[in-house]
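Keep the model open as you read. The paragraphs below go from helices to side chains and back to the fold as a whole.

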Amino acid sequence: MKRYQGMVFSQASKAFSTKEEAEDFTQEVFLKAYEALSTFRGEAQFSTWLFQIARNEISRHFKKKKPIIHTLDESHESHPNAMSQSSFAEDLAKEEEGNLLRQLISRLPLAYQKPIILHYFENRSLKEISLDMDIKINTIKSHISRGKDLIRKWWQHE
């Protein structure tokens, strides 16, 4: 747990808005991993298997969570210390952009999607990705570049 806690927490910090939520989520991931340890086949590195559990749990968490919609007026009435309208709008825009980015990444072919996720969301080096996927580093670079190009193209049309 000590070896991989930082990596899982880093992933959780990107998905959750507070440190406490990220810490709780990190603990949940390790519990899930412990419970599923017998399913680890050793075909990939343990860290890859653990990150897959984290990704699945993040997806599951946000699919289950139903958005609670309040108008800005209701929000200010019920919470006197609530954020300003501009801050609320900025946070909402960032959340929408993050959701759009996740959707666009999920549309990529797996050959592009996996290296992008491993590199940008799991902070894995190109060498690690190359070893995990058994693909040359230059091919990994190419897949990341092509994936980013597709995302840019789709982003402009959204």
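Helices (H or I, at least four residues) and strands (E, at least two) are taken as DSSP runs and numbered from the N terminus. This is a predicted model, in which local features need pLDDT of at least 70, side-chain atom pairs count only at pLDDT 80 or more, and totals for chains, interfaces and linings use all residues. Residues are numbered from 1 along each chain as its sequence is written, and side-chain values use heavy atoms, with hydrogens and water left out.

Start with helix 2, residues 19-35. Glu 23 and Lys 19 both sit in it, four residues apart, about one turn of the helix. Their side chains form a salt bridge, at 3.9 Å from N to O. The term requires a side-chain nitrogen of Lys or Arg within 4 Å of a carboxyl oxygen of Asp or Glu. How exposed are the two partners? Lys 19 counts as exposed, at 53% relative accessibility. Glu 23 is partly exposed, at 36%. The cut-offs are under 20% relative accessible area for buried, over 50% for exposed, and partly exposed in between (1.4 Å probe, protein chains only).

Glu 23 and Lys 19 also take part in the packing of helix 2 on helix 1. Helix 1 covers residues 5-15. The two axes lie 8 Å apart, at an angle of about 130°. Axes here are lines fitted to C-alpha atoms, for helices over the stretch in contact, and angles run from 0 to 180 degrees between N-to-C directions. Helix 1 and helix 2 are therefore oblique to each other. On this scale, under 35 degrees is roughly parallel, over 145 roughly antiparallel, 65 to 115 roughly perpendicular, and the rest oblique. Which residues meet? From helix 1 come Gln 5, Val 8, Phe 9, Ala 12 and Ser 13. Their partners in helix 2 include Ala 22, Phe 25, Val 29 and Phe 30. A contact means heavy atoms within 4.5 Å.

The structure holds four salt bridges. Arg 124, Glu 128 and Asp 132 are linked in a network of them. Within it, the side chains of Asp 132 and Arg 124 meet at 2.0 Å, N to O. Is Arg 124 buried or exposed? Arg 124 is buried, at 3% relative accessibility. Asp 132 is partly exposed, at 25%.

Move on to helix 8, residues 137-157. Arg 152 forms a salt bridge with Asp 149, the closest N and O atoms being 2.8 Å apart. The pair is three residues apart, so about one helical turn separates them. Arg 152 is partly exposed at 45%, and Asp 149 is partly exposed at 43%.

Now look at the loop between helix 7 (126-133) and helix 8, where Asp 134 is found. Most residues other than glycine have a negative phi. Asp 134 is not a glycine, yet its phi is positive, about 55°. Asp 134 is exposed, with a relative accessible area of 70%.

Finally, step back to the whole chain. It has eight helices and zero strands. Of its 158 residues, 27% count as buried. Among contacts between residues at least 6 apart in sequence, 55% join residues at least 24 apart. The accessible surface comes to about 11300 Å², with 53% belonging to carbon and sulfur atoms. Accessible areas come from the Shrake-Rupley method with a 1.4 Å probe; for residues, only the protein chains shown count as cover.
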